[in-house]
Each structure stands twice: as C-alpha cells, then as structure tokens.
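Work through these exercises with the structure open beside you. Try each task before reading its solution.

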Amino acid sequence: TTTKLLPRLIRQSFLAVEQSEGAGARVRRSIGTPKLRNFSPFLMLDHFSVSPGAGFPDHPHRGQETITYLLHGAMEHEDFAGNRGRLGPGDLQFMTAGRGIVHAEMPVANEDGSPNVGLQLWVDLPKHLKACEPRYRDLKAEEVPVVQADGGKVKVKVISGQSHGVDSVKDLAYTPVWLLDVEVKPGGKIVQPLPEGWNAFAYTLQGEVVFGEEGGGERRVIGEFHNVVFGQEGQAVYAAVDEAAEKSARFVLIAGTPLEQKVVQYGPFVLTSQEEVYQAFMDYQTHSNGFERADGWRSEIGK
Ligand SMILES: Nc1ccc(F)c(C(=O)c2c[nH]c3ncc(Cl)cc23)c1F
Ligand SMILES: [Fe+3]
C-alpha cells in the first residue's frame, strides 16, 4: 500500500493581469504585484509576450537570479561582458546576476510573425551570495528529462527538481528551486511531492486544472493565466483534468526554499537593506563595484 501524501492546500489563486514592461513588451505579472509579495525566495514572475520592434533593451541586475523559459519562439541576450546567446523553444537560461550584470534581452523574428512567449522568474539570492560573480547556466530543451505517468495522460518536463523518480540536471541556480512543466490530458491526474516547508505555486498556461485532493479538502477549478499559491504545510500537490475537458491542461509547478532575510528591492536591484539598494544605484551610475564594464557599453541587439 502506498502511503497517501498529505495535500498542500490552496492559500490563494488569482488571474495574472497583462501590463506593459520594457520597450513595448507585454507581461502577465503574477508575482511581484500587490497580490503576491513576500513570497520568498520568489521576487517576480512574468509571462511575457514580445515581438520584434519591442524587447528588453540594456538594463542592469544585482542581487537576484533570473530564470528565463522560452515557451514559443526565440530570444537573444547579450551582456556587458561579451556573453551573447539565443534561447529557442523549450530552452532555459539561469542567470545569476550576483554583484552586477547589464544586458539586453531581445526577440527574434518568427516566420509566421507570432510573438515570442516565455516565463521569466526572479529568485532572491542568499545574502552571502549577493555580491558573487555573475554566472550563466544554459539548459537546452533536449537536456530536460521528460517523464510520462498515469498511463500517458501526464507528461512532466523535469526542468529542476524531481518528478516520478526522474531527476533534473543539477546545480542550475544557487537558490534551491524546483521547476516542473506539467501537461495533463483529459481524465489525467498527478500527485506531485514537493520539498516540505518550501514555498510553492502553480502558474497555469493552458486549459483548466482542478487543484486539490479528490475526496479530500477543498478543490478549485483554475483557468489559464492564473497563479495558485499553496500553503507551506503538506507533502504533495494534487491536480487533475476533467474527463470531459476539450483539451489538455498545462501548468508550471514551482517551489523554492524561503530565505530568512529582508527583501529591499528597487526595480532590478534586490538587496537586504535600503543602504545597499542606494549603493547599487550609485554603483550603476558610477560604473563601480561590479558595474565597471557598463562604462561606455551598449548592446548590439538592443539598439
Ligand atoms: N523595465 C525593466 C526593468 C528591469 C528589468 F529587468 C526588465 C526586464 O528585462 C524584464 C522584466 N520582465 C521581463 N520578462 C522577460 C524578460 Cl526576457 C525580461 C524582463 C525591465 F523590462
Ligand atoms: Fe534582464
């Protein structure tokens, strides 16, 4: 007999509302708005849509990690250290800004003129790593293990963490984070254990998902572009798709260790005190303490 896993209960769920960001880009921000702050280690989640002519031209980061996941199309990135690359469909980039990065993130034209769509998650860095050297970890779509379950009705891309006994590639981000991309066909269901005590949420990308345990506590039917925040108690997230649903559902399930530290944020500068945020702003203006290479630098792609 398999021991039944205690369900994580839903703390809140809400629709992510579209807003402008960068230069002409559109994002559905579901973490980093008044609806959901103080959700350590998560600082921001943007579901972005961007076409050529728009983008995220030259801008700085300090004190956080960004995880960019391309869902459709491609994005180019270029930073002040000469790093340059392209993320295609299903690819990810784990960028540790640490003491300072200045870069641009711009869309690539798609033949059919469709926008480039993806997720960018900002994760707080532990205080002792906020001044670390910047680092990139690229994860190509083909490096992401995929596991099937529930007779093929469930498919999980194990981007980071573990699902149904399959482990992801290791050591992608400094702050421990699980990132699972889950697709459930009509009539399918999944019980996904998550590390106990971690903060966890789901963001729905397509279709309708029923979160909550059958015959157990509360169950909620969630449509697309919603953020579902789970309580820290419990061992697993229960999700299912109605047998009669017209199409499969897809959501990312994300969990991370809460960091016991203050979050003081001014845009892309995320530190633990007001003084350090002021210092970040000054360093960026004076090209100091990690922003030296910003002096006179302009990206090719962000022009
Ligand atoms: N104004 C402003 C200030 C600081 C930033 F970091 C950004 C920024 O780069 C992004 C914010 N959401 C994003 N989603 C996806 C991607 Cl690829 C980039 C971003 C930005 F736009
Ligand atoms: Fe950026």
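## Exercise 1: The shell around the ligand

In this predicted model, β4 (42–50), β5 (56–61) and β11 (116–124) each give at least two residues to the shell around ligand 1.

**Task.** List the residues around ligand 1 and sort the shell by class.

**Solution.** 
- Step 1. Collect the residues. They are E21, G22, M44, D46, F48, F56, H59, H61, M75, E105, Q120 and W122.
- Step 2. Sort them. The shell has 5 nonpolar, 4 polar and 3 charged residues.
- Step 3. Ligand 1 sits in the largest pocket.

## Exercise 2: Polar contacts of the ligand

**Task.** Find how far the side chains of E21, D46 and H59 lie from polar atoms of ligand 1. Then state how much of the ligand's accessible area the protein covers.

**Solution.** 
- Step 1. Start with E21. An N or O atom in its side chain is 2.8 Å from a nitrogen atom of ligand 1.
- Step 2. Go on to D46. Here an N or O atom of the side chain is 2.7 Å from a nitrogen atom of the ligand.
- Step 3. Turn to H59. A polar atom of its side chain lies 2.9 Å from an oxygen atom of ligand 1.
- Step 4. Look at the cover. On its own, ligand 1 has 460 Å² of accessible area, and the protein covers 86% of that.

## Exercise 3: A pair of rings

**Task.** Why is the pair of F42 and F201 classed as edge-to-face?

**Solution.** 
- Step 1. A pair of aromatic rings is described by the distance of the centres and the angle of the planes.
- Step 2. The structure holds 12 aromatic pairs.
- Step 3. Apply the values. The ring centres of F42 and F201 are 5.2 Å apart and the planes stand at 80°, so the pair is edge-to-face.
- Step 4. Locate the partners. F42 is in strand β4 and F201 in strand β19 (residues 199–206). They are 159 residues apart, so to speak of this pair is to speak of a link between distant parts of the chain.

## Exercise 4: Backbone exceptions

**Task.** Which bond is cis, and what is the phi of H164?

**Solution.** 
- Step 1. Recall the background. Most residues other than glycine have a negative phi, and most peptide bonds are trans.
- Step 2. Find the cis bond. It joins S40 and P41, with omega about 5°. P41 is in the loop between β3 (25–31) and β4.
- Step 3. Check H164. Its phi is near 50°, a positive value in a residue other than glycine. H164 is in the loop between β15 (162–163) and β16 (166–167).

Key:
Residues are numbered from 1 along each chain as its sequence is written. Chains are lettered from A and ligands numbered from 1 in the order in which they are written. This is a predicted model: local features need pLDDT of at least 70, side-chain atom pairs count only at pLDDT 80 or more; totals for chains, interfaces and linings use all residues. Side-chain values use heavy atoms; hydrogens and water are left out. A residue is near a molecule or strand if one of its heavy atoms lies within 4 Å of it. A polar contact is a pair of N or O atoms within 3.5 Å; within protein, one must be able to donate a hydrogen and the other to accept it, and residues adjacent in sequence count only if both atoms are side-chain atoms. Accessible areas come from the Shrake-Rupley method with a 1.4 Å probe; for residues, only the protein chains shown count as cover. On a 1 Å grid over the protein atoms alone, a cavity is a set of points where a 1.4 Å probe fits but cannot get out, and a pocket is an open set with protein on both sides within 12 Å along at least five of seven lines; lining residues have an atom within 4 Å of a point. A molecule sits in a cavity or pocket if more than half of its atoms lie within 2 Å of its grid points. Helices (H or I, at least four residues) and strands (E, at least two) are DSSP runs, numbered from the N terminus. Ala, Val, Leu, Ile, Met, Phe, Trp, Tyr, Cys and Pro count as nonpolar, Asp, Glu, Lys and Arg as charged, and the others, Gly among them, as polar. Rings of Phe, Tyr and Trp (its six-membered ring) pair if their centres lie within 6.5 Å; planes under 30 degrees apart count as stacked, over 60 as edge-to-face and the rest as tilted.
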